[in-house]
Amino acid sequence: GALGLSFAQARSFDVNDETFMLALGRQCAQALERARLYEAERVARAEAELARHRLEFLAEASSILATSLDYQWSLNQVARLIVSQIADWCIVVLTKEGGTTLANEPVAIIHENPKKVLWATNALQLYSQTSDLPFGLTHVLRTGQSELYPDFSQTLLAVRDNAESRDILEQSGAHSAMIVPLKARERIMGALILAMAESERR
């Protein structure tokens, strides 16, 4: 950066003045450098802590998934773990054998409020039967590509002409979400939906 000094009256600067101001500039620069180093260290520590937390989460989720061959129980437990640590909503849906149509019931719908879970169960069935949008759950199941919705206000604009989808998004209370395909050996077996709502995180 730079340090600028101005004076009300014209004046000349001798060598001592220049030396003093150069020293002042160096002190300011050193203070800035210390602050930048401190901030870089703080960011590095925060990133390391986040990486550690993610590894611990993945280890716990892997342990749950390896515990039982009952996939419904396992996926429910992982969804509960997700809601306890990552998202406000977690929904796991599976496809019918050999297609992109949803199975009769989602495997897991987890939210801390049981009334919202009941609402989401009904809403998901309605959505899966009516949605022909070029994005969203059915699109992820067709393409196998994850989708991120950092701000639902933009998503609501995209579905303004689809009343049912718009109502579902508004009633969910979600601010942002991500849909991730459950894919193995290029076969899409379902999807994982994570949404942020009451926490107002993105």
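Reader: Which residues of H2 are buried?
Author: The buried residues of H2 are Ser-74, Leu-75, Asn-76, Val-78, Ala-79, Leu-81 and Ile-82. Buried means under 20% relative accessible area, exposed over 50% and partly exposed in between, with a 1.4 Å probe and protein chains only. Please note that this is a predicted model, in which local features need pLDDT of at least 70 and side-chain atom pairs count only at pLDDT 80 or more, whereas totals for chains, interfaces and linings use all residues. Residues are numbered from 1 along each chain as its sequence is written, and side-chain values use heavy atoms, with hydrogens and water left out.

Reader: What do the buried residues of H2 pack against?
Author: They pack against H1, S1, S2 and S5. Contact here means heavy atoms within 4.5 Å. The element names follow DSSP runs, numbered from the N terminus: helices are H or I with at least four residues, and strands are E with at least two.

Reader: How does the span of H2 compare with the 21 Å it should have?
Author: It agrees, because the end C-alpha atoms of H2 are 21 Å apart and its 15 residues should span 21 Å at 1.5 Å a residue. The expected span is 1.5 Å times one less than the number of residues.

Reader: And what lies at the start of H2?
Author: A side-chain oxygen of Asp-70 comes within 3.2 Å of the backbone nitrogen of Gln-72. A polar contact is a pair of N or O atoms within 3.5 Å; within protein, one must be able to donate a hydrogen and the other to accept it, and residues adjacent in sequence count only if both atoms are side-chain atoms.

Reader: Back to Ser-74: buried or exposed?
Author: Ser-74 is buried, with a relative accessible area of 3%. Leaving aside neighbours within four places in sequence, Ser-74 is in contact with Ile-64, Leu-65 and Ser-68. The side chain of Ser-74 also reaches the backbone oxygen of Ser-68 at 3.4 Å.

Reader: How far is Ser-74 from Ala-61?
Author: The two are 9.1 Å apart in space, C-alpha to C-alpha, and 13 residues apart in sequence. Ala-61 is one of the buried residues of H1, together with Phe-57 and Ile-64. Helix H2 (71–85) is among what covers these residues.

Reader: How many residues has H1, then?
Author: H1 (residues 15–67) has 53 residues and reaches 77 Å from its first C-alpha to its last, close to the 78 Å expected. Its N-terminal end is capped by Asp-14, a side-chain oxygen of which lies 3.0 Å from the backbone nitrogen of Asn-16.

Reader: Now the overall layout: how many helices and strands are there?
Author: The chain has six helices and five strands, and from the N terminus on they run α-α-β-β-α-α-β-α-α-β-β. Of the 202 residues, 31% count as buried.

Reader: Which residues have the most contacts inside the largest nonpolar core?
Author: That core has 19 residues, and those with the most contacts inside it are Trp-89, Ile-91, Val-93, Leu-137, Ile-179 and Ala-191. The elements giving it two or more residues are strand S1 (89–94), helix H3 (114–130), helix H4 (137–143), strand S4 (176–184) and strand S5 (187–196). The largest share, four residues, comes from S5. A nonpolar core is a set of buried Ala, Val, Leu, Ile, Met, Phe, Trp, Tyr and Cys residues joined through side-chain atoms within 4.5 Å.

Reader: What is Ile-91 in contact with?
Author: Beyond its neighbours within four places in sequence, Ile-91 is in contact with Ala-108, Ile-109, Leu-124, Ala-191, Leu-192 and Ile-193.

Reader: Where does His-111 lie?
Author: His-111 lies in the loop between strand S2 (108–110) and H3. His-111 is buried, with a relative accessible area of 9%. Apart from neighbours within four places in sequence, His-111 is in contact with Asp-88, Trp-89, Lys-116, Val-117 and Glu-198.

Reader: One last topic: which phi does Arg-185 have?
Author: Arg-185 has a positive phi of about 50° although it is not a glycine, and Glu-186 likewise has a positive phi, of about 65°. Arg-185 counts as exposed at 84% relative accessibility, and Glu-186 is exposed with a relative accessible area of 69%.
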